[in-house]
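Student: I would like to go through this structure with you. Please tie each label to the rule behind it.

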4 protein chains.
Amino acid sequence: MDHSDSLEQLRQRLAEFAAERDWDQFHTPKNLAMALIAEAAELVEHFQWLTPEQSNRLPEEKLAEVRLELADILIYLIRTADKLGVDLIAAANDKIRINETRYPAERVRGDARRASEYD
Amino acid sequence: MDHSDSLEQLRQRLAEFAAERDWDQFHTPKNLAMALIAEAAELVEHFQWLTPEQSNRLPEEKLAEVRLELADILIYLIRTADKLGVDLIAAANDKIRINETRYPAERVRGDARRASEYD
Amino acid sequence: MDHSDSLEQLRQRLAEFAAERDWDQFHTPKNLAMALIAEAAELVEHFQWLTPEQSNRLPEEKLAEVRLELADILIYLIRTADKLGVDLIAAANDKIRINETRYPAERVRGDARRASEYD
Amino acid sequence: MDHSDSLEQLRQRLAEFAAERDWDQFHTPKNLAMALIAEAAELVEHFQWLTPEQSNRLPEEKLAEVRLELADILIYLIRTADKLGVDLIAAANDKIRINETRYPAERVRGDARRASEYD
């Protein structure tokens, strides 16, 4: 990966952050997956009582909180991928290719059912 | 953001993917947060019965599955951030700065308690 | 707890189920919490692209699936509580009393903000 | 369901709690599923940096917190089931019967792989 890339820079910065605190001992993929879903839930919590429309136009103060929840998710996602030796960008591009085959635009237009429900 | 950046390229590709399928109507931040946590749970499910040690050395076939779960999380994270107008990289750098203040290396070395438990 | 009680009967049945399969070794509270949230996510997945209104009137077939997701959550909740020696019914009654103090009816009527946002 | 049953009593108490606060308008199954998983994540958060062994012997103060997280999960589970007209006890008994068929004791003893991995 290009070392000037933003995600690669974050990966390095987070690895140093953990190393300086001797936290690698806690950062097993199992534990990181738990931390990641706990952060995802803090995102969910912001939206649970809102209508879908309200979730589209958050008050400024709430948006600032949500922004940092998104950051937390990205941080643990990068750490998990790093510990497993996964290149997140390459994985996402692979997955998009799979989704393009699974959900051909002309077949699923305007329809959000899950893949398994098409078969 | 630099348009040659990997995350920015993914953001654009995913926006086009949704537009071609007329899926933006479903992609409210509320719904995307739900999709994101559902993907995070698929990651958790891979690790739930493993020891922390086993989670560090996944069999090749399982790692390939886990890699695509990580991709799914990144995909929904990018979509959520895009819908909310959040720059993920800037947000993550801001959050790391907050964490550096909250968890000074000399104070928390080798100790994984949560911030609230230090006070 | 009254041994004729439905929840106590389930607790016993699930303890026997695990014992017969020698699964207690996997059923640490840590692992059970992961299994529980993975089941909660399968519930979320059923609702993620539905409008709130659609979620109120599920087609019969989907309701049958959702019913079994709720069962899975209850099963892991009972197992977790059992392993921790927690009486779920007593805990829920204690928590409702706390909520009655935290959310006085006359103060929060028609308002779903979280407790922390009232202060 | 027997009206002296503990779960049925909780169901009624929680329905009254919501009605007195005019909260039924927020309690769609979609929103309740989000609240439920957010509570499940608070449980996960307690365990994320613990070893499996540590999760088996929680300090008294932490156990008291975990007990109330379990209560929160049960509360939202009962509300969701109530809104969908699902009898949780009957559903759990049905699911256990399915699991007995899917995981015959003699076949899966001491082995925690998921059902799909046996085939």
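**Labels and their cut-offs**

Tutor: Start with K95(B): its relative accessible area is 8%, so it is buried. Buried means under 20% relative accessible area, exposed means over 50%, and partly exposed lies in between (1.4 Å probe, protein chains only). Keep in mind that this is a predicted model, where local features need pLDDT of at least 70, side-chain atom pairs count only at pLDDT 80 or more, and totals for chains, interfaces and linings use all residues. Residues are numbered from 1 along each chain as its sequence is written, chains are lettered from A and ligands numbered from 1 in the order in which they are written, and side-chain values use heavy atoms, with hydrogens and water left out.

Student: What makes K95(B) and D72(A) a salt bridge?

Tutor: The rule asks for a side-chain nitrogen of Lys or Arg within 4 Å of a carboxyl oxygen of Asp or Glu. Here the N to O distance is 2.7 Å. That meets the rule, so the pair is a salt bridge. K95(B) sits in helix 5 of chain B and D72(A) in helix 4 of chain A, and the pair crosses between chains. Helices are DSSP runs of H or I with at least four residues, and strands are runs of E with at least two, numbered from the N terminus.

Student: Is D72(A) buried or exposed?

Tutor: D72(A) is buried, because its relative accessible area is 8%.

Student: What makes R11(A) and D82(A) a salt bridge?

Tutor: Their side chains meet at 3.3 Å, N to O. R11(A) lies in helix 1 (residues 6-20) of chain A and D82(A) in helix 4 (residues 60-84) of chain A, so the pair ties together parts that are 71 residues apart in sequence. R11(A) has 27% relative accessibility, so it counts as partly exposed. D82(A), at 25%, also counts as partly exposed. Salt bridges that share partners join E8(A), R11(A) and D82(A) into one network. Over all chains, the structure holds 36 salt bridges.

Student: How much area do chain B and chain A bury between them?

Tutor: About 6,000 Å², 70% of it on carbon and sulfur atoms. Buried area is the accessible area (1.4 Å probe) that two parts lose on being put together, summed over both. In chain B, R13(B), K30(B) and R67(B) lose the most area to chain A, together 11% of what that side buries. The contact (heavy atoms within 4.5 Å) takes 68 residues from each of chain B and chain A. Six salt bridges are counted between these two chains.

Student: Why is the pair of W49(A) and Y76(D) called tilted?

Tutor: Rings of Phe, Tyr and Trp (its six-membered ring) pair if their centres lie within 6.5 Å; planes under 30 degrees apart count as stacked, over 60 as edge-to-face and the rest as tilted. W49(A) and Y76(D) are 6.3 Å centre to centre, with 45 degrees between the planes. So the pair is tilted. W49(A) is buried, and Y76(D) is too.

Student: What makes W23(C) and Y103(D) edge-to-face?

Tutor: Their ring centres are 5.5 Å apart and their planes are at 75 degrees, so the pair is edge-to-face. W23(C) and Y103(D) are both buried.
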